[in-house]
Amino acid sequence: MDLNAIEKHTIAVLVDNEPGVLARVIGLFSGRGYNIESLTVAEVNNADHLSRITLVTSGTRMIIEQIKAQLGRLVPVHRVHDLTDEGPAVERELALLKVVGTGDKRIEALRLADIFKAKVVDATLTSFVFELTGTTQQVDDFVGLMAQLGLVEASRTGVVAMSKGPAAF
Amino acid sequence: MSEQKLTGAQIIIKALKDQGVDIIFGYPGGAVLPIYDALFQQNDLKHVLVRHEQAAVHAAEGYARSTGKVGCVLVTSGPGATNAVTGLLDALCDSIPIVCLSGQVPTHLIGNDAFQEADTTGITRPCTKHNYLVKDVNSLARTLHEAFYVARSGRPGPVLVDIPKDVQFADGAYVPPAEVKHKTYRPQVKPEIARIEEAVELIANAKRPVFYTGGGVINAGPFAAQLLTQFVKTTGFPITSTLMGLGAFPASESQWLGMLGMHGTYEANLAMYECDVMINIGARFDDRVTGKLSEFSPGSKKIHVDIDPSSINKNVAVDIPIVGDCGAVLEDMLRIWKARAKRPDQAALKQWWGKIDGWRARNCLNYNRTESVIKPQYALERLREALRGKDHYITTEVGQHQMWAAQFLPFDQPNRWMTSGGLGTMGYGLPAAIGAQLAHPDAIVVDVSGEASFLMNMQEIGTAVQYRAPVKIFILNNQYMGMVRQWQELLHGSRYSQSYSEALPDFVKLAEAWGCVGLRATTVAEVDQVIEKMLAVTDRPCIIDIAVDPKENCFPMIPGGKAHNEILFGPDDSPSDATPEDGMVLV
């Protein structure tokens, strides 16, 4: 195994939903110079005030292990799971894309949206807002195509992920 | 019990008492007045008024490190809290358990840029193990108990609790410590036995072993130090330790190689370089210790015991990682070692000791003994002789004197040596000495100091005088920021940029101005006399100004970016090849 190879990992972190917890996680990454490729967070258990952070990061094997250990020692962190290491996981991203145009370009945008199973969530005579859910690659592909057809604004959630099979976090 | 209504300030006092706090170091201000009022109305908890909040934290560190208890600090909002930041980070770097209470502007003003408002939890987040902002008086007691639990559990560290002034006034319910259990924080204390068994086998088959121990053993308590001593003696192996770990194994034993690292002994560093099995117990492969990472102990199998999983495989990849409390691990190791009736390879060990004795014969701590000027090493040797057999504690500031103290003062017990290791905070030693002295009123407490470091927190003499803490401030005065000067000499062509201590005060007169005893030695013959006089002072602080050789450098030295076998022994070693280009950037 090449110890210096850069690996990309998706890590899920269950934390207490308390003030400052996201700042702790982000501060850890900026303070220690780790990469964050994407990070999403929302409360997932209202009764126990638990939030789930999904983050995509990259680094050598030693760095990835260090990131997990550093996350694990934060006091409000309940659990850290490396979804990349622990076996197959489903990863999805949601994107909202505003495409402005008229005529052929507008028709082509709508056709491609249909192929990608993107939904039209807003329409005017000169614009669409598409909603697309898919893998990061699918979203990238769709964004690449829309860029040539009048894409003026993009908003993406970053990756959320979950392991496959019956085992729960 | 839990129905009892108290004000927030009363809850704080009660929680501190229930946590066993007897001394709190602090400085009042607007945002903590209700707490100071509650302090005024009781007699169990002693408040020690420092002269600067940074010193409050260092004093609490000195108290914590010399007692093994949690040190406690109280500061006001804004500048009170920001002044405490250096101390908090110092405690974080050295894993010292501290609970720091800070006042905050009332809840409704938070975020309004109010007078003396600071985002204290934001500022201290990377400087503490954990911190809290308490907005509800009914969660105050629980939060305080949690803070103490987090501060002392696992790898200890500083915890800050920020308490708005309205919460201090509000009435709320108190809960005792027993009813508070932490939701998430459960550090692994007990090690995996399978790993211990693997380690025992590796240790038993070692040909050239070395124990490399650190502050983790001290933090695990005196019993862990006893177990370490027992295990090391049972194996007959050599042992070295980091700056933080001094005293865990008695320095008077023949198996002790002295400290390792940048200014460690030749025999300790070469034993690390040439060993085949390294047994790291509670040390963290810090850059001061490893030197050039790619050439760090290249031929050894490494066992690493640490309570913090993030310390393992951080800088150095190890073969047998063991997560757990050093005491718990040593207990299991010793038990399995005995149960399996292990005995190391005596022939190999004899050969290994032969090699080590050869390195020892190099006598690396030797220095130019002269009658013409006081060598700092000589002053420390005389201090060592004078303290022999006496109940004493040593603190230091940061710089050359700190390294000389580590080299020349032996420690046979843990919790006797307090120095700023990780952060390297000049100004640490005096307040830390006051904290240690107040915890041990009858012991001798010496702050081995340099004149530059002393100036950084010298206002604390006032604290020492006020509380009749007879600390001895033993200044090795070389009129330079000695370590800066040494690096400038070795690495920057002897261009002593800003490292000369200009406009120094007369330290004897300074002492007298404070009502302390001031002593000075300018000749070799005077050293013993001033030490004797200093030890006779028991009712007030004493400042000892020792005029030492301004040009003396601290050796041995492994320059930045060099390996353990590339040691400079003294001024005759060429400084020109001291450091490779890529080592220059290292600090």
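Visitor: On what conventions does the description rest, and what ipTM and pTM does the predictor give the complex?
Guide: Residues are numbered from 1 along each chain as its sequence is written, while chains are lettered from A and ligands numbered from 1 in the order in which they are written. In this predicted model, local features need pLDDT of at least 70 and side-chain atom pairs count only at pLDDT 80 or more, whereas totals for chains, interfaces and linings use all residues. For the complex, the predictor gives an ipTM of 0.92 and a pTM of 0.96.

Visitor: What average pLDDT does chain B have?
Guide: The term pLDDT denotes the predictor's confidence in each residue, from 0 to 100. In chain B, 98% of the residues score at least 70. The average pLDDT of chain B is 96.

Visitor: How many helices and strands does chain A have?
Guide: Helices (H or I, at least four residues) and strands (E, at least two) are DSSP runs, numbered from the N terminus. Along the sequence, the pattern of chain A reads β-α-β-β-α-β-β-α-β-β-α-β-β. The secondary structure of chain A therefore comes to four helices and nine strands.

Visitor: What share of the residues of chain A is buried?
Guide: A residue counts as buried if 20 or more other C-beta atoms lie within 10 Å of its own, as exposed if 12 or fewer do, and as partly exposed in between, with C-beta atoms placed from the backbone. The C-alpha atoms of chain A fill a box of roughly 55 × 45 × 35 Å along the principal axes. Of the 169 residues of chain A, the buried share is 25%.

Visitor: Into which domains is chain A divided, and which element gives the largest share of the side of domain 1 that touches domain 2?
Guide: Domain bounds come from an automatic or database domain assignment, which for chain A gives domain 1 (7–82) and domain 2 (89–162), with C-alpha centres 28 Å apart. Seven residues of domain 1 of chain A are in contact (C-beta atoms, placed from the backbone, within 7 Å) with seven residues of domain 2 of chain A. On the domain 1 side, β1 (7–16), β2 (38–45) and β3 (50–59) of chain A each give two or more residues. The largest share, three residues, comes from β2(A).

Visitor: Which residue of β8(A) is the bridge partner of A:Leu97?
Guide: Two strands pair if DSSP finds at least two bridges between them. Strand β5 (residues 89–100) of chain A runs antiparallel to strand β9 (residues 160–163) of chain A, with four bridges, and pairs in the antiparallel sense over eight bridges with strand β7 (residues 127–134) of chain A. Five bridges join β5(A) to the antiparallel strand β8 (residues 151–156) of chain A. In β8(A), the partner of A:Leu97 is A:Ala154.

Visitor: Which element of chain A gives the most residues to the side that touches chain B?
Guide: The contact joins 18 residues of chain A to 14 residues of chain B. On the chain A side, α1 (21–32), α2 (61–73) and β4 (77–82) each supply at least two residues. With seven residues, the element that gives the most is α2(A).

Visitor: How far apart do the C-alpha centres of domain 1 and domain 3 of chain B lie?
Guide: Chain B is assigned domain 1 (5–179), domain 2 (193–360) and domain 3 (376–547). The C-alpha centres of domain 1 of chain B and domain 3 of chain B are separated by 30 Å.

Visitor: Which strands lie at the edges of the six-stranded open sheet of chain B?
Guide: The order of this sheet is β16-β15-β17-β18-β20-β19 (chain B), with parallel pairing. Within it, strand β18 (residues 472–477) and strand β20 (residues 542–547) of chain B pair over six bridges, and B:Ile475 has B:Asp545 as its bridge partner in β20(B). The edge strands, each pairing on one side only, are β16 (417–418) and β19 (517–521) of chain B.

Visitor: Which residues have the most contacts inside the largest nonpolar core?
Guide: A nonpolar core is a set of buried Ala, Val, Leu, Ile, Met, Phe, Trp, Tyr and Cys residues joined through C-beta atoms within 7 Å. The largest has 201 residues; apart from it lies another core of 13 residues, among them A:Ala95 and A:Phe130. In the largest core, those with the most contacts are B:Ala56, B:Val73, B:Ile98, B:Val99 and B:Leu228.

Technical notes:
Contact = placed C-beta atoms within 7 Å.
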